[in-house]
Amino acid sequence: MSDAAIRPKIERASLAESLKTRAPLALVPALALVGFLAIGSFPTWVTLTVAGLAMGMMIFIMASGLTLVFGLMDVINFGHGAFVTVGAFVGFTVLAWLAGWTSDPSILINLTAVFLAILASMAVTGLLGYAFERTIVMPVYGSHLKQILVTMGGLIIAQQLIIVIWGPDAIHLSRPEALQGSFIFGTALVEKYRLLAVVVGLILFLAMSYVLNRTKIGLLVRAGVENGEMVEALGYRIGRLFLGVFMTGSALAGLGGVMWGLYQETITAHMGSEIMVLVFIVVIIGGLGSVGGCFIGAMLVGLLSNYAAFLMPKFALVSTIVLMVAVLMWRPQGLYPVVKAK
Amino acid sequence: MISKLLSGDRPGSPILAIVVLAIFLALAFAPFLFPGTRSVETAARICIFIVLVASYDLLLGYTGIVSFAHTMFFGIGAYGVALAITVMGASFAAILVGAVGGVLVAMLLALLIGLFSLRVKAIFFAMVTLAVASAFAVLVSQMSAITGGEDGLNYAIPSVFKPATKLMDGRLFGVRLDGKLLLYYFVFVCALILFLVMLRMVNSPFGRVLKAVRENAFRAEAIGYRVVVYRTAATVLSAAMAALAGVLIAVWLRYTGPATTLSFEIMIDILLMVVIGGMGTMYGAVIGATLFILAQTYLQTLMGAASEATSSIPLLPHLIDPGRWLLWLGVLFVLSVYFFPTGIVGRLRGRSA
């Protein structure tokens with residue numbers, strides 16, 4: 001008797017089906033190609049593409065937490081932008097303390113300063129996420145209307161408290177020495193910081209994919225997205241799992257805030273709510289709750305905004321709306337809709 | 001007669017009836033009761049915001065849809081009038097053309113947004129409207145050749161409404177009978193009519209279906225109402241009403257700019273007014289708008305005084321700085337969503353029932 005007889009038969013998806021699921025993957029290169037044809041000049045295109053990817057990565061960092069929280073617990077957090085802002089302010093405060101380190105010519109000390117700033121802001125926003133979940137979000141599970149209202153209220157309060165603590169004025173801070181300026185590849189100019197942002201974003205995406213797909217916690221989170229009650233019935237405390245995801249999402253928003261702040265070199269109390277517009281567009285394009293879709297959506301939005309800003313500066317934000325409408329007309333639930341077991 | 005005007009939807013509690021009547025009388029005789037530019041300015045703002053907030057309540061309170069694009073429709077109405085007057089000159093025809101154009105554009109846009117985002121999920125709608133509204137605001141401030149950009153548009157209004165126009169010699173109860181007075185009553189009467197129309201709307205069979213959709217969309221669908229159609233209709237109607245409120249504010253201020261019509265701050269103000277006043281009742285809009293604007297105008301002075309009085313204590317003066325009043329409103333907002341989801345009006349009505 002051979003093993004083959006009892007081996008389960010696994011249906012292979014037909015070519016058409018697998019094309020259907022993979023089709024969104026082709027969108028990013030397609031957009032880059034269209035951008036190249038529209039711009040026409042190779043060095044400009046490289047600069048813009050790297051800028052677009054960097055922006056997309058930063059938006060992905062901020063959006064991934066939001067989309068996971070929605071997928072897992074059906075909670076949409078309109079106050080997510082507050083974590084971005086708080087993260088940026090904490091990061092900038094730490095960097096201001098370490099002014100001696102950031103002006104040092106050594107890249108290692110520079111990166112240590114940035115790393116410490118990121119660590120501090122992630123710790124603060126993670127804790128803030130804990131407080132936010134317990135006091136503001138927990139009492140309104142199950143009611144979307146109240147969630148939207150209450151988290152919006154939380155955003156207002158957080159924004160005002162930031163003004164109370166750090167004052168109403170915008171804060172400027174230049175990037176550490178080693179991260180200023182650009183590399184020159186042939187004739188193309190690539191800012192160093194953007195390259196760093198792309199690297200950090202990619203590492204984060206890979207780490208997240210690994211955790212979600214290869215670890216037990218990831219398995220529980222994915223199972224929770226599909227059917228929370230079942231996970232609970234199997235003896236796992238989904239509430240605690242959710243709290244963990246919420247805190248991670250908030251910490252990631254803080255990380256995104258520091259990176260975005262260093263990218264712009266200026267932060268204001270309203271930066272969070274401004275960037276939330278892009279984050280929401282990305283989450284909608286990707287499909288509410290889907291991390292992979294969120295990644296593709298972020299790349300698309302980042303690239304398109306930069307191409308559009310170059311080609312027709314006045315319509316940069318409008319172009320992303322057009323992209324969102326186009327995607328929704330193709331797939332009304334977003335690129336990768338999350339299937340909930342009912 | 002009164003019951004018919006109110007479409008059979010009486011305030012329902014003696015205290016509420018007295019408060020609403022007091023607000024009505026105060027607004028009706030505001031120029032005589034509280035002479036002075038600032039108080040008349042406040043009264044007109046209250047009239048306009050009652051319409052705006054009531055139209056938002058049509059969506060949030062009655063249909064259970066959260067939209068963040070309400071200021072966009074408000075702004076479309078205002079810019080419609082502003083552009084029409086800039087092009088055609090100061091005449092009533094221009095106001096009419098601007099108003100009709102603005103309302104039509106607002107309705108069309110609401111229809112489009114509703115059709116492609118209301119089918120999926122209510123939460124989708126909130127996010128889509130947020131994105132579209134902010135893109136619209138950016139677009140308006142960047143197309144400065146047409147819209148005046150961040151500076152907005154200043155324009156003249158028909159000369160009947162100008163403060164310099166004398167309607168009659170002499171004074172009535174010590175108030176000059178000038179164009180400004182006429183303009184106030186124009187705003188007041190329009191706001192009153194629009195409010196009564198909305199009251200009629202929500203107490204019609206159509207309004208009843210909206211409430212059914214809010215309570216249980218699935219069941220409403222099962223009974224045979226097409227939920228998407230009703231949700232979209234509510235969106236379109238509330239957009240039209242918001243645009244009309246925008247027309248009123250454009251005529252009243254003689255100025256239209258992003259800060260007075262499109263900004264996200266106003267959207268948050270509207271949200272606070274609806275929730276604090278009471279979702280799901282038109283009277284909530286009256287009370288919410290009145291309280292909020294009175295607080296906005298007069299409470300900040302009080303907070304400034306308190307902030308100075310406590311200047312020796314650390315942090316406290318920063319917390320009660322007049323600029324921080326939104327902080328306390330935010331706290332009040334969160335608490336009222338938790339503990340009084342029906343707002344002030346719901347509390348008052350609940351007690352008498």
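Of the 353 residues of chain B, what percentage count as buried? In this predicted model, in which local features need pLDDT of at least 70, side-chain atom pairs count only at pLDDT 80 or more, and totals for chains, interfaces and linings use all residues, the share is 48%. Residues are numbered from 1 along each chain as its sequence is written, while chains are lettered from A and ligands numbered from 1 in the order in which they are written. A residue is taken as buried if 20 or more other C-beta atoms, placed from the backbone, lie within 10 Å of its own, as exposed if 12 or fewer do, and as partly exposed in between.

The secondary structure of chain B comprises 18 helices and four strands, where helices (H or I, at least four residues) and strands (E, at least two) are DSSP runs numbered from the N terminus. Along the principal axes, the C-alpha atoms of chain B fill a box of roughly 65 × 55 × 50 Å. Of the contacts in chain B (C-beta atoms, placed from the backbone, within 7 Å) between residues at least 6 apart in sequence, 71% join residues at least 24 apart.

Helix α2 of chain B, residues 14–28, spans 21 Å from its first C-alpha to its last, close to the 21 Å expected at 1.5 Å a residue, the expectation being 1.5 Å times one less than the number of residues. Its buried residues are B:Leu16, B:Val19, B:Val20 and B:Leu27. Seen down the axis of α2(B), these buried residues fall within an arc of 95 degrees, so they line one face of the helix; the arc is that of the directions from the helix axis to the C-beta atoms. The face turned away from this buried side carries the exposed residues B:Pro14, B:Ile18, B:Leu21, B:Ala22 and B:Leu25.

The contact between the chains takes 35 residues from chain B and 32 residues from chain A. On the side of chain B that touches chain A, α7(B) gives the most, with 14 residues. The residues of that side divide into 28 nonpolar, five polar and two charged, with Ala, Val, Leu, Ile, Met, Phe, Trp, Tyr, Cys and Pro counted as nonpolar, Asp, Glu, Lys and Arg as charged, and the others, Gly among them, as polar.

Definitions and conventions: Contact = placed C-beta atoms within 7 Å.
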